[in-house]
Amino acid sequence: MDTPTTEPQAAPYRPRHTTAQKIVLGVNITVVVACIAGALVLLYGKNQLDNRLQTAKVDVPTTVFVPQITNTTEAGASSTTPGTFPIADPGAKNFLITGADANSCVTPGSPWANAADPARASIGNRSDTIMVMRVDPITRQAAVLSFPRDLWLQIPGKGKNRINSAYVKDDYSKLAATLYANFGIVVDHYIQVDFCAFKRIVDAVDGVAVPFATPIKDAYVGLDIQQAGCHTFGGDEALAYVRSRHLKWVDENGKAHEDRLSDFGRISRQQDFLRRVLQSALRKGITDPAIAQALIKSLQTEIVTESGFTVNDMMKFAGIMRDIDPKAISQYQVQASRLIVSGNDVLQVVDNENMRAILAIFQGKAPLAGAPAQTTETTSVTTTTVKSTTSSAATTTTASPAPTTTAVAPEEIVKGDILPDKNVTC
């Protein structure tokens with residue numbers, strides 16, 4: 001056995017990077033790998049989404065609009081000669097978003113299973129949520145207008161009924177026609193989201209945290225949040241929260257108080273939750289594999305868009321939403337007062353200056369720029385009783401120019417007794 005020769009001792013090894021630098025490099029490499037993985041998932045999805053759920057594109061005739069928001073006029077509404085609107089944002093688009101009352105996907109044995117209304121499956125599909133989101137790709141601004149499901153409106157071809165009756169699963173033609181006939185709002189794109197997609201996306205962003213000033217509960221859907229402060233909702237519990245119609249806040253003595261504005265409060269909480277889902281998705285990143293996979297799966301099986309709304313369009317839309325601060329999304333809902341029709345409790349639209357200014361934005365007559373500060377309403381509503389009337393078909397109306405009103409920056413409409421502070425991020 002040969003004896004190894006003695007060689008000069010090499011200088012001590014000095015690492016090229018410190019431990020701290022290695023950690024930073026490791027984190028950066030992990031982020032890069034995650035982004036590449038997410039990009040591959042999106043690419044795979046783009047190649048697979050030709051089989052996604054779609055419905056026929058709807059083009060509603062827009063030459064016969066006569067405003068229908070004159071059911072009730074609030075005292076003090078302006079009756080002076082109207083002015084004109086400034087030039088609106090030409091690139092802005094309206095997205096009609098409906099939450100389908102179907103396909104619950106609630107985990108078996110979940111304490112929030114009643115939120116999916118399993119007993120109502122035989123009634124047929126209904127829309128639990130109706131909202132229009134207007135997005136401007138140039139100014140990177142957005143606004144949301146929600147419609148209470150009990151609004152009593154003229155439904156083209158069906159006479160007077162609740163707006164919810166215009167919803168047809170996988171076919172938005174009647175609903176789009178109703179929005180134009182009553183509000184002059186043109187639908188550019190359609191997105192139908194069912195309960196499965198909602199749950200999947202909430203879980204994909206690792207839950208959505210919402211701040212509460214007090215404990216809250218709703219025995220009907222299994223909600224029981226016993227501590228004030230930030231609470232993180234998983235998919236099943238989130239569905240219960242946004243669907244809650246009997247939400248109560250609990251005072252320091254343990255007494256529960258139900259939200260006095262019921263569906264109006266629910267709409268405000270839904271809009272707030274939408275903002276927080278966007279915030280969570282943006283923090284995690286659209287290229288995160290879990291988010292990408294959830295979106296791909298939902299687009300294939302649970303989300304319906306109109307034909308012609310391509311995957312490239314979706315990617316552009318996602319890019320625009322990425323640049324919008326969710327807190328800056330203006331939040332509106334149709335102002336309405338209580339109405340009793342043949343013993344049924346419904347809502348009629350209130351015509352006032354603020355409502356006209358809100359509609360002007362979604363009609364494309366006024367720009368999205370200059371979103372106003374939020375205000376909160378908790379006032380009661382007036383009750384009116386009328387006899388139900390129906391007609392077999394909508395009356396043909398000759399074309400007439402839509403009236404213009406003074407361009408007033410509308411106030412956001414946020415109603416309810418249980419409203420998370422939108423300025424608090426958990």
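1. A contact here means that heavy atoms lie within 4.5 Å. In this predicted model, residues 24 or more positions apart account for 78% of the chain's contacts that have a separation of 6 or more.

2. The chain contains eight helices and 21 strands. Of its 426 residues, 43% are buried. The accessible surface of the chain is about 21,300 Å², and carbon and sulfur atoms contribute 55% of that surface.

3. Ten aromatic pairs are found in a search of the whole structure. One of these is formed by Phe95 and Phe309, whose ring centres are 6.0 Å apart. The planes of the two rings stand at 65°, and planes over 60 degrees apart count as edge-to-face; the pair of Phe95 and Phe309 is therefore edge-to-face.

4. The positions of these two residues in the chain deserve attention. Phe95 belongs to strand β3 (residues 93-100), while Phe309 sits in the loop between β15 (303-306) and α7 (311-322). The pair therefore ties together parts that are 214 residues apart in sequence. Phe95 has a relative accessible area of 5% and is buried; Phe309 is likewise buried, with a value of 4%.

5. A further group of aromatic residues should be noted. Phe198, Phe212, Phe233, Tyr241 and Phe273 are linked by ring pairs into a cluster.

6. The structure holds eight salt bridges. As a general point, side chains of opposite charge can pair when their charged atoms come close.

7. Arg276 and Asp272 form a salt bridge through their side chains, with an N to O distance of 2.8 Å. Both residues lie in helix α5 (residues 262-284), where they are four residues apart, about one turn of the helix.

8. Arg356 and Asp351 are both buried.

Definitions and conventions: Residues numbered from 1 in each chain as written. Predicted model: local features only at pLDDT ≥ 70, side-chain atom pairs only at ≥ 80, totals over all residues. Heavy atoms only, no water. Phe/Tyr/Trp six-rings, centres within 6.5 Å; stacked < 30°, edge-to-face > 60°. Helix = DSSP H or I, 4+ residues; strand = E, 2+ residues; numbered from the N terminus. Buried < 20%, exposed > 50% of the residue type's maximum accessible area, 1.4 Å probe, protein only. Areas by Shrake-Rupley, 256 points an atom, 1.4 Å probe, with all protein chains shown as cover. Salt bridge = Lys/Arg side-chain N within 4 Å of Asp/Glu carboxyl O.
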